[in-house]
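Have the viewer open while you read.

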Amino acid sequence: MAASAIRAFVFVCICLLFSSSTSYYDPDLELYKEILELNGLRDQYFRSSSEDYDDYRSQDYIFNVDLLMPNITPEHINDYKCYSVPTPEDLSVFIVGFQAQALEGTAHHILLFGCEEPGSDEEVWDCGEMDTEGKDQSTPCNGWPRILYAWAMNAPPMKLPDGVGFEIGGATRIRHLVLQIHYASVAKFQDGTKDTSGLTLTVTNVPQRYKAGTYFMGADGKIPAKSEVKLETACIYDEEPRLVPFAFRVHAHSLGNVISGYRVRDEQWTEIGKQDPTLPQMFYPVENDALDIEYGDVLAARCTMENPRDKTVFIGPTMDDEMCNFYMMYYTESEHLPENDICFNGAGFKWSDYLENIPDKEASEMPKKQKEDKSSEEGSMEMKMDSGEEKEDNEEKGRDE
């Protein structure tokens with residue numbers, strides 16, 4: 001069996017340990033058939049009767065899959081490690097939930113990428129997400145990347161709204177899942193302890209009505225000593241799929257005060273989300289149910305940073321650097337997701353050079369009550385995301401009427 005097939009086999013075999021089948025039939029037999037599907041061995045075992053095989057495809061599964069580092073030993077603070085597994089080749093499945101499995105005090109952040117090809121042929125490789133030129137490392141993806149999920153700061157599990165899922169495998173461009181972990185500390189591995197941090201993915205074979213995606217906005221720049229700086233980015237959304245944001249997440253290191261994201265349409269600014277990055281860096285619900293993103297809109301983000309240090313701090317990959325990131329999770333009824341879902345501008349980019357009616361004060365301040373309410377939401381993502389489910393039900397009823 002080829003190496004890729006073995007890895008696919010291992011990827012799905014984990015389901016036998018963590019499956020929670022919702023049907024009455026024998027899950028072991030059915031999951032075995034799915035293993036055959038993933039490895040392209042279906043015809044070899046079902047030549048005599050296609051009905052046996054087709055029967056399993058008519059059933060509904062939902063199960064958990066652990067995507068974990070394979071007993072590695074990170075050696076240095078600020079190591080970035082990537083690990084890849086293939087997705088099913090001839091059927092699509094949908095990710096509908098995420099939960100981090102991280103050794104306390106070790107992972108600074110965890111990212112999940114969907115790739116056409118991984119950034120390396122190695123099982124595990126160094127994969128700093130910034131410029132890799134002249135360094136013995138590779139990017140998470142070779143070529144086209146798609147960010148699916150991000151975790152940091154003890155964020156709780158996330159359940160997507162009913163009917164929404166990240167489609168992977170099959171005819172999609174996501175042929176590999178790549179797990180990336182940035183290690184903030186390696187002290188717990190100095191005694192020979194191996195790391196198996198990663199993500200538990202809730203996966204289903206049931207097609208979801210809405211396809212999920214994550215749009216990333218980031219800014220480059222620097223924060224001079226003893227100063228407050230507003231790092232900004234903005235891009236025109238020039239693609240056809242209409243997007244409905246339902247969650248957002250912010251990320252900075254230690255100098256971020258507020259990170260905010262906006263849709264700009266006809267010079268009118270509508271907030272997507274705003275958060276203090278020192279709180280748990282989970283995906284928070286978008287509170288504006290009427291918000292959507294259409295062709296020609298501008299997507300914009302700002303990071304308000306304050307540097308009390310005696311030296312300039314630059315945007316970069318290490319804990320001594322800073323980051324300015326805004327993630328917008330969305331769903332769409334379109335058959336295809338946007339080709340480009342990354343907006344990143346270089347140092348010196350300013351909203352005021354391109355945009356009007358900027359909500360300058362609001363974009364850099366967190367109302368006290370909102371900050372207190374947000375800080376109390378840890379551990380409640382499933383409950384909060386249920387409001388999105390009710391929204392879907394109401395939309396459906398409206399269409400039926």
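Four disulfides turn up in this predicted model, where a disulfide is a pair of cysteine sulfur atoms within 2.5 Å. Count the bonded cysteines along the chain and the pattern reads 1-3, 2-4, 5-8, 6-7.

| Disulfide | S to S | Handedness |
|---|---|---|
| Cys 82 to Cys 127 | 2.1 Å | right-handed, about 90° about the S-S bond |
| Cys 115 to Cys 141 | 1.8 Å | left-handed, -55° about the S-S bond |
| Cys 235 to Cys 343 | 2.2 Å | right-handed, 90° about the S-S bond |

A word on ground rules before going on. Residues are numbered from 1 along each chain as its sequence is written, and side-chain values use heavy atoms, with hydrogens and water left out. As this is a predicted model, local features need pLDDT of at least 70 and side-chain atom pairs count only at pLDDT 80 or more, while totals for chains, interfaces and linings use all residues.

Cys 115 lies in strand β4 and Cys 141 in the loop between β5 and β6, so the pair ties together parts that are 26 residues apart in sequence. Are these two cysteines buried or exposed? Both Cys 115 and Cys 141 are buried. Cys 115 also has a bridge partner in β9, namely His 176.

The link of Cys 235 and Cys 343 joins distant parts of the chain. Cys 235 is in strand β13 (residues 227-236) and Cys 343 in strand β21 (residues 342-345), 108 residues apart. Cys 343 is buried, at a relative accessible area of 0%.

Next, the sheet. Which order do its strands take? The five strands of this open sheet run β5-β2-β9-β4-β6, with antiparallel pairing; two strands pair if DSSP finds at least two bridges between them. The edge strands, each pairing on one side only, are β5 (124-126) and β6 (145-152). From one strand to the next, the twist averages 25°, taken between N-to-C directions of axes fitted as lines to C-alpha atoms, with angles from 0 to 180 degrees. Inside the sheet, β4 (residues 107-115) and β9 (residues 176-183) run antiparallel and are joined by eight bridges.

Zooming out, the chain has six helices and 21 strands. Of its 401 residues, 54% count as buried. Among contacts (heavy atoms within 4.5 Å) with a separation of 6 or more, residues 24 or more positions apart account for 84%. The accessible surface comes to about 18600 Å², and 46% of that belongs to carbon and sulfur atoms; the areas come from the Shrake-Rupley method with a 1.4 Å probe.

Definitions and conventions. Helix = DSSP H or I, 4+ residues; strand = E, 2+ residues; numbered from the N terminus. Buried < 20%, exposed > 50% of the residue type's maximum accessible area, 1.4 Å probe, protein only.
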